[in-house]
Amino acid sequence: MFLFLLFTFIIEPPKNVKAIDNPNDDGNKILITWELSPSDSILDGYEILRRSEKEECFYKIGFVGPNRNSFLDENTEDNLNYYYQIVAVKDTIKVLSEISQPAKSYPQWFNKGKLIILLTFFLFGFLILYFIKRARKIELFIRRIAGLSAVEEAVGRATEMGKPVLFVPGLSGMSDVATIAALNILSEVAKKIAQYDVKLIVPNNDPIVYTVAREIVKEAYTSIGKPDAFNPDSVFYLTDSQFAYAAGVDGIMVRERPATNFFCGYFYAESLILAETGAQTGAIQIAATDSITQLPFFIVACDYTLIGEELYAASAYLSKEPILLGSLKGQDYGKFLIIIILTFLSIISLLFNFVIK
Amino acid sequence: MKVRFPLILCLIMGIIGMVAYYVPHKAVQNFDNELRNTALRIIFAFSLVLGVGSIIRHHWEKIKRKREFWEYSYVTLISLFLTAFIGLFGGIDGRGLIKMEIGKFSFDIQTIYVNMAIPLGATMFSLLAYFMASAAYRAFRARNLEAILLLVAAFIVMLASVPPVARLIPKLPYISEWILDVPNTAAKRGMLFGITLGVLSTSLKILLGIERGWLGGK
Amino acid sequence: MSTDIWVWIAALLTLGIFSFLYKDNPFYRFCEHLFVGITNGYAITFYWHRILVPSLINPVSRGEKLYLLIFAFIGALYFTRFIPRLSWLVRIPIAFVLGYGAGAAIPRTIEASIIEQTKATILQRSNFLNLFDGISSIIIFFGVIATIIYFFFSTERKGILKHLSYSGIIFIMLGFGASFGYTVMARISLLIGRLTFLLRDWLGIIK
Amino acid sequence: MVSRRIIYLILTLVILIPLLRPFKLKPLPMKPVEKLFYYINNIPKDKALLISVDYTPDTEAELHPMTIALLKHAFHKKIKVGVLTLTLLGLGLAEDALQVVLKEFNEKAKTREDSIIYGRDYVFLGWQTPPLVPLLGMGESITKVFPVDYYGNKTDTLPLLKEIKNYRDVGIVVSISGSAIPMWYVTYAQTTFGVKVGAGFTAVSAADYYPYLNSGQLTGLLAGMRGGAEYEELLEEHFGKTKRRKATEAMSAQTTAHIAIIILIIIGNIIYFYRKKK
């Protein structure tokens, strides 16, 4: 009894209870904040009470542990006034705060927290579009990357040996930049192959990529003036399962014994299964991928590897398409901008102890 | 029509995909949820038609022309139809129209998947252990500075994960961790920036109809 | 030794794939073709039971969400791929999936791979609470910039760019080497998993 | 050709022999593992540990011991646990891990207080798809996403879930996966609700996620068998010896294989330099 009285004396209520509409959400949420009770350290926690303008009395809607000074009420009716009260709780003793000002929840039409992302998008988007536009007028300079000549050599080798060329366009879908770049390279490779009547094998892992790859190869043959030489069975779908695909391509490699293997696009763990089997069959292997995880294996097992963005650069360089050259240029300036931003923000942050969260 | 209509559609869908990220309002979020979780999944499911069509044709051609190893094409076609039959009629949990069991022996689709597809996949995956060993033996040669760096980093990380060695040289795991934490992080982050810009520009080009490769032919 | 017929099947298929290590042989060819067939058959089942039935057939047969039929129709346009005169219609379902994917990817990649990674790279005073972390942060900062410069395609590598891009490849090679070494462990784990299956579940030699 | 087959044979042998006769190893716990361990160790009483069993049987060897070690840790410290999975095949694995750990704890328990009781100390929520539903839905209400648990109980009747309502009551989510699923928790659950995320990866994919550890998006990280073994080591340091240490046992085969590959690389280079000299 004595203790009970003592505690009622000691426990002070939390102060300054504020309720606001929780920002940047889809409504139905009110954020309540308060100043911790001075007796916070001995409390069990805080109860949150609520009353809407339609109700007569307060109801408990939540409980948080000590040393917390906010609560998100995620169960409000939009555009209705709510009042809140925070209760400091210690065993059976409860001390009430003052009642908050009324607050209403409502959904927002724009998440302000994402503004910086929208700005970044406009900034880089503008850069890329600007350079694509410029590339259509003048020829932009792109440094020739090492390993590019290997693509030509490799096709040449296959023609000399009269053996097929295997082209694996990666394991991701059509919206992936790696796949698109790979298909651009495929188009150039197919044109060269068409000239020499070498067999081309393109096994696919994605049904849509398969459809597109097939059209691209067909078109390459047509553009070189040999539409009849196109064998529709050279581009085919294998399976969407990663390892069944690897098993199938391995089988093709040991049976068809291609002179050259291209691994262009996005790859997962199957990369080394493909590349090492190919190395054992004695094929010249060229890999080009932006899959950072798989690059180490291609570098070890293949003769030439185009690393990361070099894949995009290769597709731009080989095709000489202004769109590709321009966007590559835009990306270069984008990277330059990132370097400047990194340096600038670091200097500001270090000089003025400005904390970036 | 054949080109413009799909391009406009693509742009509209792209804007929808983007807007839902910035607009928390329920009206938009609910619409986006339904679109992503139901509508697009339905469309996506149909794309399998393209793939299965190709497989059947590819193997049928092989059998018809009696190309090398044509007999195996029967294995693919029969297992495909059988698995599909069992799955479609037996139900994914074995509670479909037809009970897939003979006496005590049940062969519903999950059983087939777990006891055939998974072991095949896991074994294929585990071949990597062998391939890593042979690739390391064959290609990890100290040819030039770059190759030496590759080799040394791989060596340290591998050694560090051998517990007796780690107990012997207690600093080694920390060096290994440092390489993974610092130079590795730096290189990957650096590459990631460039790749992300590539993703960004490609997505943008697809939406604006600048990149039309996906239309497949003119 | 196991008496479960399914364990035997799994074990034989496992051995079939392993036999590829010796050389290509009929046993492997059988497993390979079987694998392709089963995964495709399973995909058909999966798409039907897990997507089309719950998302389309169930609601529509109850008379709800009839608008989904429109999407089913759009999906069905994939079939036009096999009709040469109408095959351009296949672009419509592709446009739906591709457009949404590309649009949704833009803000999300910016957030995860540019904003967050930039924040993590920027040097701040909190990086310098101790000397070692401070030096590491500076090395990361420098390494990121050098790696970015390695992938500059607009100019020839001359002068300072040459040196910077050369230090970029040093970081890249160290990173790749470390990843390779690290991965060895994982792949061996997988092999251990398969061998354990053979020894424990099939042969019953180990516990 | 011949040397390739010899390499394959050597590798098979150096793994098979220790599997048949394992020897004991003492791994040295590393920082990412320690970070996760101590974060979980200090989860306050009113918060829970959420374990997301997101792997499939093909990566079981590497990842299953992690789930078991995490469960043991939580039960030792009496931290409330929620188990769920985002992959259908994870259901059986999660159930297996729970049964293994429960058996070990409840065999020793003398009082009701000591034992691990369903609904009070842990819940098994089961599986929900598409993944975005649980990933985002749990930020609002766990019981709404999982109206019934794996065993068919109504979740709103479980005492544990009366206290643990959503991510706010979750100290950390640890997602264990052979793919990128832990990053879904980062991208969706963390960016939206600010929940802490820890991860268990296969050793291979782990190297990819170090940047996220560095940037604080991941609180801690277990990588592969070794990560599991190190966690087991920390458990043993804090809570005494346990019967089986699955990851540590498997490590012995891994160790010999590692040594074999290291020796192979050395031999390869000796041959290379010898030939070059000639």
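Visitor: What makes the meeting of the side chains of Glu34(B) and Lys65(C) a salt bridge?

Guide: Good place to start! In this predicted model, the N to O distance between Glu34(B) and Lys65(C) is 3.1 Å. The cut-off for a lysine nitrogen and a glutamate carboxyl oxygen is 4 Å, so the pair qualifies. The count between chain C and chain B is one salt bridge.

Visitor: How do you know what kinds of residues make up the side of chain C that touches chain B?

Guide: Each residue is sorted by class, which gives 75 nonpolar, 24 polar and nine charged residues on that side. Chain C brings 108 residues to the contact and chain B brings 113. Between the two chains, 17 residue pairs are in polar contact.

Visitor: What is the area buried between chain C and chain B?

Guide: About 10,400 Å², with carbon and sulfur atoms giving 80% of that. On the chain C side, Trp6(C), Arg91(C) and Tyr100(C) lose the most area to chain B, together 9% of what that side buries.

Visitor: Let's turn to chain D. Why are β3 and β6 called edge strands?

Guide: The sheet is open, with the order β3-β2-β1-β4-β5-β6. β3(D) and β6(D) each pair on one side only, and that is why they are edge strands.

Visitor: How do you know that β5 and β6 of chain D pair?

Guide: Pairing needs at least two bridges, and three join β5(D) to β6(D), so they count as paired. The two run parallel. One of the bridges involves Gly200(D), whose partner in β6(D) is Leu222(D).

Conventions
Residues are numbered from 1 along each chain as its sequence is written. Chains are lettered from A and ligands numbered from 1 in the order in which they are written. This is a predicted model: local features need pLDDT of at least 70, side-chain atom pairs count only at pLDDT 80 or more; totals for chains, interfaces and linings use all residues. Side-chain values use heavy atoms; hydrogens and water are left out. Contact means heavy atoms within 4.5 Å. Buried area is the accessible area (1.4 Å probe) that two parts lose on being put together, summed over both. A polar contact is a pair of N or O atoms within 3.5 Å; within protein, one must be able to donate a hydrogen and the other to accept it, and residues adjacent in sequence count only if both atoms are side-chain atoms. Helices (H or I, at least four residues) and strands (E, at least two) are DSSP runs, numbered from the N terminus.
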